[in-house]
Structures are given as structure tokens and as C-alpha cells.
Amino acid sequence: MSEVSGHMMVLYDDHSDQRSLSLDDTSSTEESPDETRLSLETTNDSIPYMGQRFTTHDAAYEYYSEFAKRCGFSIRRHRTEGKDGVGKGLTRRYFVCHRAGNTPIKTLNENKPQRNRKSSRCGCQAYMRISKTNELGAPEWRVTGFANHHNHELLEPNQVRFLPAYRTITDTDKSRILMFAKTGISVQQMMRLMELEKCVEPGYLPFTEKDVRNLLQSFRKVDPEDESIDLLRMCRNIKEKDPNFQFEFVIDSNNRLENIAWSYASSIQSYEIFGDAVVFDTTHRLTAFDMPLGIWVGMNNYGMPCFFGCVLLREENLRSFSWALKAFLGFMNGKAPQTILTDQNMCLKEAIAMEMPTTKHALCIWLIVAKFPSWFNAVLGERYNEWKAEFYRLYNMEAIDDFEMGWRDMVNSFGLHTNRHIASLFGLRSLWALPYLRSHFFAGMTTAGHSKSINAFIQRFLSAQTRLAHFVEQVAVAVDFKDQAGEQQTMQQNLQNISLKTGAPMESHAASILTPFAFSKLQEQLVLSAHYASFQMEDGFLVRHHTKLEGGRKVYWVPREGIISCSCHHFEFSGILCRHALRVLSTGNCFQIPERYLLLRWRRISTPSIKLLQTMTSDHAERVQLLQSMVSTLITESVKSKERLDIATEQVSVLLSQIREQPIPPQGMRDINSIHRNLYMK
């Protein structure tokens with residue numbers, strides 16, 4: 001305890017003031033300044049003393065507050081006598097310990113919920129009284145009563161800072177916190193950043209995480225109708241700046257915002273190419289506004305999540321979900337995805353069947369698995385991890401018959417015959433088990449690794465919430481941040497030297513066309529294909545592992561038309577040829593993978609260039625693709641040494657000069673220049 005806090009029994013009072021020290025006394029007695037006992041003054045300004053002078057009552061309060069902080073307590077303003085502008089005005093003030101007085105007894109109201117809030121008041125009698133005097137001509141305030149006796153323990157210096165009176169957020173810090181909130185970082189991250197900026201130890205800011213959360217909450221406490229008006233105004237402002245920004249909304253019969261959906265220009269452009277497989281996650285809520293949030297997300301050619309759109313709904317019912325899907329299709333010019341992954345929501349399942357009848361609906365496996373601990377941990381006990389491993393084995397099977405037989409064995413082995421969750425999962429098996437989904441394209445979004453990256457991507461939007469009206473703008477900031485990070489990762493991928501593992505011409509050909517992410521998936525299959533044997537049959541090929549004498553996969557190949565397919569459906573599922581098909585191509589003296597099996601959505605070429613290729617004639621598009629392949633190979637080979645890079649830079653400069661001298665038609669100039677710019681964007 002500090003030296004100051006050792007003077008706990010100090011008690012001064014002006015005896016001319018015939019008042020009780022009881023802080024609950026409401027009587028008033030006028031005090032004469034002439035009767036102040038100046039003999040009690042002390043030269044130690046660290047402790048209040050009788051007759052101590054202050055120019056204002058606020059100065060007296062600040063002084064007493066600092067004294068209290070050193071001692072280990074805080075103060076509050078208690079009773080006043082007089083009133084500004086009436087008679088003699090304000091003449092006396094009392095400042096008391098924060099634990100002064102007693103908790104008032106509240107009358108119970110059965111119709112109103114009661115907040116069970118504990119009070120710290122314990123009747124402490126510590127106080128300081130000041131009185132106004134004009135003795136020296138100018139008005140001033142003097143200490144006329146002081147008691148520093150507490151009936152409770154005082155706090156240590158490292159504890160007293162947590163009292164509400166000493167936890168303050170300055171206007172500058174408030175502005176900074178709100179700026180951080182717009183970027184979507186967590187409160188913990190805000191606190192750490194501000195600790196680093198202010199050079200203070202962790203936990204020593206003049207405010208706590210709770211104070212920051214309360215501050216953010218206070219900015220959300222606005223009238224819902226005003227929020228809706230501000231939100232729509234924000235959307236219209238964005239639309240004025242960017243005509244390609246899209247939003248739709250519904251107002252209910254009470255003139256309240258019911259639903260709103262939106263998408264950005266970059267998102268609509270990305271959907272044109274990567275909207276074949278979509279995740280529609282509706283499992284989150286904006287708790288500050290008590291509204292369900294739906295987010296459409298996909299996967300780009302570099303294996304990174306891309307944002308397609310957002311929707312806020314008032315209710316989670318068939319009508320709301322149908323409206324959301326219609327709005328989304330409107331943004332995307334009526335183009336429905338091939339596949340869509342969602343949570344186990346029966347209303348959403350029905351809405352998809354109505355609004356997207358040609359789209360294959362499946363359930364997000366990671367959202368199902370997230371519920372396993374609450375479903376099965378208590379039921380299975382020590383066998384929970386064993387059961388989970390068996391579940392994943394069944395989930396990844398290829399044949400439907402093997403899955404269903406294995407499921408029955410699993411139920412028998414773990415005694416789960418009567419478990420309702422097991423029954424529900426089996427009833428919905430065609431919506432989540434891979435044996436039922438392999439003939440549909442999901443862009444790899446069913447794997448655990450990609451599910452984590454998508455979930456992390458979505459979490460960024462959830463933390464970016466201060467005001468509902470700003471949420472659209474905050475999501476745009478988060479999307480833009482992700483796009484910039486994605487461009488950096490794309491550049492890093494392209495600059496990495498690709499290691500060829502087989503030496504096969506098919507491998508080097510694919511490496512020059514596919515993104516590093518997609519090529520790594522193909523290369524994995526190509527390496528495995530060397531372990532397989534192929535046997536020509538009357539209606540195709542039988543391909544099986546060289547150690548197996550039975551079974552295998554049927555591969556159908558029509559060389560003249562460049563068509564190949566496999567019964568494992570790996571290409572249909574991922575857009576990457578399987579080991580079985582690659583083995584047949586290799587043994588059939590095929591040195592390049594047919595163009596149709598190098599999907600545009602997995603190529604190095606950027607989104608704007610792909611859109612141009614889709615609108616060009618077949619011959620022109622093929623020649624552009626060939627040029628793009630050559631450029632990619634040039635970059636891959638050139639970065640292997642400084643000498644190679646110097647030669648490439650010099651020769652390409654000469655080549656560009658020659659090309660620019662050639663005349664071209666105006667329309668061709670626009671198309672080719674656009675492709676040329678975008679070849680180097682990724």
C-alpha cells in the first residue's frame with residue numbers, strides 16, 4: 001500500500017457546520033466562510049486538508065479523484081446544495097467513496113424481468129466536502145470537511161485501475177477502435193494493436209476488452225427503422241459510384257426492412273467463371289442486429305475462396321430463402337450454379353428445389369462434422385475418435401454399395417441402432433456422402449482443407465460489424481482485402497519453380513497451362529498412374545493397381561474425338577483427370593492432355609481474359625490459348641537463372657517492338673490488348 005494510503009483514519013470537519021457525517025442526511029445548513037478552521041491546513045498537498053482552495057468544483061473533484069486512485073478507491077459526486085442561477089447559486093458539494101451509501105431495495109414487478117445486478121455499496125463514510133466562498137473577492141471553493149476512514153479493503157495499485165471511474169476511452173481512441181471495427185479485426189486484436197501503438201504492457205491500457213465491446217454495442221443501439229433507412233442510403237450511394245454494384249431489398253407491411261441482398265462488380269465477374277460450384281452458408285447471425293446472414297462463396301483457379309454475394313434476412317423460412325435465391329440469380333444474369341453446398345436446413349433445401357431445379361444440392365460436410373461432439377461424444381465415450389475415423393473412411397468411399405454395407409456394419413459395431421442422428425444422417429446420405437456426389441462438380445470444396453479456408457474467409461465478414469448501415473461497406477473492405485491478398489498469393493505461386501516429377505510430355509504441357517494449384521492436383525494423379533496397369537477390352541479399358549488381380553475402373557477413350565471418361569468420376573467431381581484416364585492416355589501414346597480436360601476455370605489465364613476467350617471464335621481462342629501456354633512456359637524457364645532471365649527480357653522487348661509495328665483492326669486491338677494485359681495479372 002502506498003504512503004498516502006496509510007492515512008486511513010484522517011478525519012477533519014468544520015465544527016461551525018452542525019451537520020452529521022451521515023451521507024444519507026438531506027438537511028442543509030449554510031456555512032460561513034469566516035468560521036473555516038484554517039489552523040488545520042497542512043503543507044502536504046497529497047492529502048486533502050481543511051481550507052484547501054480550488055478555483056472550481058471540477059478542479060476539486062479531479063484532485064480528490066487522483067488522491068483516491070493513489071489510496072485504492074474511486075469517488076463519485078454525491079449531494080449538492082443550492083442551484084446555479086438560483087439565489088446564491090451552488091454553494092456546497094459532497095464527493096464520496098464509490099462504495100458509499102446502501103443498495104436501494106427495488107420493488108418487484110412480476111411483469112418485468114429483473115436484472116440480478118450485485119451492488120458494491122457498503123455504507124462507506126469516506127468523503128470530501130467543499131463549500132463556495134467569496135472571501136477574497138473572486139469566488140473559490142474550500143475544503144470544509146474530509147474523512148478518509150473506509151469500512152472496506154482498499155485496492156492495490158494494479159487493481160484500482162480496473163474500477164469503472166479510471167477506465168476511460170478518449171475520443172481519439174474511440175475513432176481508432178471504430179476504424180479497426182470496420183476492417184473486421186477482433187476486439188482482442190484491437191487491444192493488442194493499441195498496446196503496441198501506445199508502448200504499454202499487455203493489459204495496461206486505460207480500458208478493458210469489455211469497455212471496447214460496450215462502445216461498439218453503443219454504436220449499434222439505434223432505431224431499427226433509422227438503421228434500415230441508413231442501410232438503403234448506403235447501398236444507393238455505392239450504386240451511384242459503381243453502377244455494376246447490385247442490391248435488392250424488400251420492405252414489409254410495417255415499412256420495415258425485411259430482406260436485403262447485394263453483390264459487388266468484382267464478385268459478379270468472378271461468378272462468371274467460378275460460379276459452377278457455390279457454398280451458401282446461412283449458419284451465422286449478426287447478433288447485434290438479430291438477423292440471419294447468408295454468404296455465397298466459391299473457389300477460384302488458384303484454390304482460394306472468392307466472394308459472390310451476401311444476404312440479410314428477417315426470418316429463416318421458405319419465403320425468405322426463395323427470395324434470397326431469386327435475388328442472387330438476378331445479380332448473376334440468371335445463371336444458376338451446377339452445384340450448391342448448404343447447411344441442413346429443410347426450408348433452404350425446398351427453396352433450392354424450387355428456384356434452382358437444375359442445380360445439384362448437397363450438404364457441407366464440415367458443418368455436419370462440427371455437430372459431432374454434441375451428438376456423439378457422450379454416447380460413444382472413449383470410442384468417439386474410433387467412430388469418427390470410421391465415419392471418414394465411409395465418407396470417402398467410391399462405391400455406393402460399399403458405403404451402405406459399411407454403414408450397416410458401423411451401426412452394429414458401435415450399437416447406434418436407435419440413435420436419431422445416425423438415422424437422420426443415413427436418410428440424407430445422398431446429400432453428403434461422396435459415393436453419391438462424385439458425378440457432380442464441387443471444385444474440391446468438400447475437402448477438409450478447403451472447408452477451413454472457406455470458413456475463415458466467412459469469419460472475416462462476421463467480425464466486421466459496427467453499424468448495420470456500414471455493414472455493406474465493411475464487407476466490401478473485407479472482400480477487397482482478400483482480393484489483394486489473393487493477388488499476392490497468386491503472384492507467389494506463379495513465381496515458384498514447378499518441379500516436374502515424371503518427365504512425361506503430358507506433365508510439362510499441363511504445367512504450362514494450369515495454375516500451380518490445379519497442376520499440383522493433376523501431378524498427384526499423374527505420379528499415381530505409373531502404379532496402374534491398363535488392359536484393353538472390347539468396350540474400353542480396364543485399369544487397376546498393379547498389385548491387384550481383380551476389380552479396377554472402366555475407362556472409355558475415343559482418340560479421334562479427344563474424349564475420355566472413367567467410371568471413378570474423378571474428372572466430373574474435381575475437374576482434374578484421374579490416374580486411370582491418365583494411364584490410358586500414356587499407354588496410348590498421347591503426349592498432351594486433350595484441351596477439353598484442361599478446364600478454363602483451372603488455367604493460369606485471368607478472369608477478364610477467360611471471358612474474352614469464351615466470346616471468341618474457336619480458332620482464335622485456341623491460338624490465344626497456345627500463346628498463353630508459351631508465355632507461361634517462357635516465364636517458368638526464365639526464372640531458373642539470372643542469365644536466362646536477362647536473355648528472355650531482351651528478346652521479349654525486341655519481339656514486343658516488332659508486334660506493335662503490325663497494323664490491327666480496332667476491335668481486334670481492344671480484345672488482344674485486354675488479353676495481353678491480363679496474361680500477367682496472375
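Visitor: Hi! Which residue does Gln536 stand opposite in β15?
Guide: Gln536 stands opposite Phe541 there. Keep in mind that this is a predicted model.

Visitor: Okay! And how do β14 and β15 pair?
Guide: They pair in the antiparallel sense, over six bridges. Strand β15 covers residues 540-545.

Visitor: What sheet do they belong to?
Guide: An open sheet of four strands, in the order β14-β15-β16-β17, with antiparallel pairing. Its edge strands are β14 (532-537) and β17 (563-566), each pairing on one side only. From one strand to the next, the twist averages 25°.

Visitor: Which helix packs on that sheet?
Guide: That's helix α21, residues 579-587. It touches β14, β15, β16 (553-558) and β17, and its direction makes about 70° with that of β14.

Visitor: New topic! What's the strand order in the sheet with seven strands?
Guide: The order is β7-β8-β11-β10-β9-β12-β13, in an open sheet with mixed pairing. The edge strands here are β7 (246-251) and β13 (360-363), and each pairs on one side only. The twist averages 20° from one strand to the next.

Visitor: How many bridges join β7 to β8?
Guide: Six, and the two strands run antiparallel.

Visitor: Tell me about Ser263. Is it buried or exposed?
Guide: Ser263 has a relative accessible area of 0%, so it counts as buried. You'll find Ser263 in strand β8, which spans residues 257-263.

Visitor: What's around it?
Guide: Leaving out residues up to four places away in sequence, Ser263 touches Phe245, Gln246, Ile268, Phe308, Gly309, Phe331 and Met332. A polar atom of the Ser263 side chain also lies 2.6 Å from the backbone oxygen of Phe308.

Visitor: Which helices lie across these strands?
Guide: Helix α7 (residues 265-274) lies across β7, β8, β9 (277-286), β10 (291-299) and β11 (305-313), running at about 120° to β11. Helix α9 (residues 346-355) lies across β9, β12 (339-342) and β13, and runs at about 165° to β12.

Visitor: Why do you call α8 largely enclosed?
Guide: Because ten of its 14 residues are buried, α8 is largely enclosed by the rest of the structure. Among them are Phe321, Trp323, Leu325 and Phe328.

Visitor: Last topic: how many aromatic pairs does the count come to?
Guide: It comes to 35. Take Tyr64 and Phe73: their ring centres are 6.4 Å apart and their planes are at 70°, so this pair is edge-to-face. Both Tyr64 and Phe73 are buried.

Methods
Residues are numbered from 1 along each chain as its sequence is written. This is a predicted model: local features need pLDDT of at least 70, side-chain atom pairs count only at pLDDT 80 or more; totals for chains, interfaces and linings use all residues. Side-chain values use heavy atoms; hydrogens and water are left out. Buried means under 20% relative accessible area, exposed over 50%, partly exposed in between (1.4 Å probe, protein chains only). A polar contact is a pair of N or O atoms within 3.5 Å; within protein, one must be able to donate a hydrogen and the other to accept it, and residues adjacent in sequence count only if both atoms are side-chain atoms. Contact means heavy atoms within 4.5 Å. Two strands pair if DSSP finds at least two bridges between them. Axes are lines fitted to C-alpha atoms, for helices over the stretch in contact, and angles run from 0 to 180 degrees between N-to-C directions. Rings of Phe, Tyr and Trp (its six-membered ring) pair if their centres lie within 6.5 Å; planes under 30 degrees apart count as stacked, over 60 as edge-to-face and the rest as tilted.
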